Amino acid sequence: MNWNKIVFCVVVFILLNRCDCNWLFEKSAKPLSPVIFVPGDGGSQMDARLNKPSVVHYICQKTSDWFNIWLNLELLVPLVIDCWIDNILLIYDNETRTTHNSPGVETRIPGWGNPESVEWIDPTHAGSGSYFKDIGNALVANGYVRNVSIRGAPYDFRKGPNENKQWFLDLKALVEETFEANDKVPITFIVHSMGAPMTLVFLQQQDKSWKSKYISQVISLAGAWAGSVKAVKVFAIGDDLGSYALRGSVLRAEQITSPSLSWLLPSSLFWKPDEVLVQTQTRAYTLAQLEDFFIDLKYPNGWEMRKDTVKYTDFTPPGVEIHCLYGSDVPTVEKLHYTKSGDLDGSPTLINGDGDGTVNARSLQACTQWIGMKAQLGKNISTLQLPGVDHMGILSDNRVVQYVLGVLIG
């Protein structure tokens with residue numbers, strides 16, 4: 001019997017039981033920064049309940065229990081869509097400077113904190129309703145846990161920051177709650193489209209010490225930092241949501257009632273005041289003449305809502321690390337040209353430039369302006385341009401998923 005080996009093993013056993021030596025057997029691992037998804041326009045589920053005094057069509061319901069109104073593909077079909085529009089549009093009050101639902105319509109945004117409500121904007125999980133799903137699945141495959149280290153921050157995307165004040169308060173509480181539940185590891189926001197400027201407004205409201213403690217970074221995907229000319233186009237002729245079965249001119253009746261659309265008009269910080277956005281046979285409408293544009297459209301509320309939200313277009317840096325990913329080389333509307341009349345009737349020719357098909361390049365790349373401020377901010381600003389990747393495709397692009405994993409997991 002080899003007594004030397006026995007003595008050695010006994011000594012090692014005693015030493016390992018007298019000290020916390022588990023670290024000897026564990027791989028050194030980077031702590032996982034908890035993730036909060038912040039969606040863009042149309043990126044949150046929405047429920048409605050009806051008790052209406054009247055309806056726009058005999059097939060429309062006057063009363064109902066809570067039901068999913070967005071995204072609900074069964075409601076986006078001919079005839080039924082008239083009911084949907086009347087139920088989801090907003091009515092602007094010029095005195096209170098706020099909006100409200102049609103009479104007898106209640107709405108709510110379900111799933112606060114739950115990533116499912118922003119991973120899938122269609123609660124039935126139909127293929128066309130996926131949103132942050134691919135990124136969420138990749139995170140889970142690498143050690144993240146839904147409702148613990150992956151959270152969601154949905155909101156009423158029809159409204160601008162001025163009417164989402166409670167969301168900013170709730171988001172701060174969600175950050176702190178998620179931080180505590182994850183061993184006090186700072187949070188990463190993963191944001192898309194309008195979610196980027198919404199998150200920017202939120203971070204501008206927080207002091208430096210709070211951000212230093214609670215926020216690790218923001219990963220922005222196709223951020224609409226400075227608005228888009230597409231918002232001008234939607235006010236003029238609507239948007240068909242990419243569906244052959246829908247007409248933009250029909251959907252416009254609902255779309256133009258959303259203050260968020262006015263908020264997403266091109267920013268005067270990134271468009272020159274004399275840049276022509278709309279051209280007819282008799283006049284041009286520049287950025288500085290958007291009020292005239294709305295008057296001639298016979299929709300002055302569009303301009304009133306712009307005045308309510310313009311103070312939230314400040315581009316002060318967020319004071320945290322930023323990863324800014326965006327598509328390019330996809331035709332994106334830069335100007336509307338009405339060639340057949342001297343007014344705003346009919347369908348204009350859309351003159352395209354660079355962007356991701358929804359947001360113009362200068363807005364997507366607005367975050368690059370913060371790079372020159374890195375020295376004074378002490379924060380990293382990283383960018384990744386993805387030629388050929390469109391506004392929604394960025395959410396499932398494998399290069400984007402791998403970039404996110406690289407930042408969070410290494």
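# Sheet and rings

Visitor: In which order do the three strands of the open sheet stand?
Guide: Strands are DSSP runs (E, at least two residues) and helices too (H or I, at least four), numbered from the N terminus. Two strands pair if DSSP finds at least two bridges between them. Here the pairing is antiparallel, and the order is 3-2-6.

Visitor: What kind of model is this?
Guide: Residues count from 1 along each chain as its sequence is written, and side-chain values use heavy atoms, without hydrogens or water. Local features need pLDDT of at least 70 and side-chain atom pairs 80 or more, while totals for chains, interfaces and linings use all residues, since the model is predicted.

Visitor: Back to the sheet: which strands stand at its edges?
Guide: An edge strand has a single partner strand, so one side is left without a neighbour in the sheet. That describes strand 3 (67-70) and strand 6 (105-108).

Visitor: Which residue of strand 6 is the bridge partner of Arg-49?
Guide: Strand 2 (residues 46-50) and strand 6 run antiparallel, joined by four bridges. In strand 6, the partner of Arg-49 is Glu-106.

Visitor: What angle does helix 2 make with strand 3?
Guide: Helix 2 (residues 80-88) packs on the sheet, touching strand 2, strand 3 and strand 6. Contact means heavy atoms within 4.5 Å. Axes are lines fitted to C-alpha atoms, for helices over the stretch in contact, and angles run from 0 to 180 degrees between N-to-C directions. With strand 3, the angle is about 90°.

Visitor: How many aromatic pairs does a search of the whole structure find?
Guide: Rings of Phe, Tyr and Trp (its six-membered ring) pair if their centres lie within 6.5 Å; planes under 30 degrees apart are stacked, over 60 edge-to-face, the rest tilted. The search finds 18.

Visitor: Are Phe-37 and Phe-132 stacked or edge-to-face?
Guide: Phe-37 lies in strand 1 (residues 35-38), and Phe-132 in the loop between helix 3 (116-119) and helix 4 (133-140), 95 residues apart. Their ring centres are 4.4 Å apart and their planes at 10°, so the pair is stacked.

Visitor: Is Phe-37 buried or exposed?
Guide: Buried means under 20% relative accessible area, exposed over 50%, partly exposed in between (1.4 Å probe, protein chains only). At 0%, Phe-37 is buried.

Visitor: How are the rings of Phe-270 and Phe-315 arranged?
Guide: Both residues are buried. The ring centres are 5.1 Å apart and the planes at 80°, so the pair is edge-to-face.

Visitor: Over which ring does the charged end of Arg-108 sit?
Guide: A charge sits over a ring if NZ of Lys or CZ of Arg is within 6 Å of the ring centre and within 35 degrees of the ring normal. At 4.1 Å from the centre, Arg-108 sits over the ring of Trp-66.
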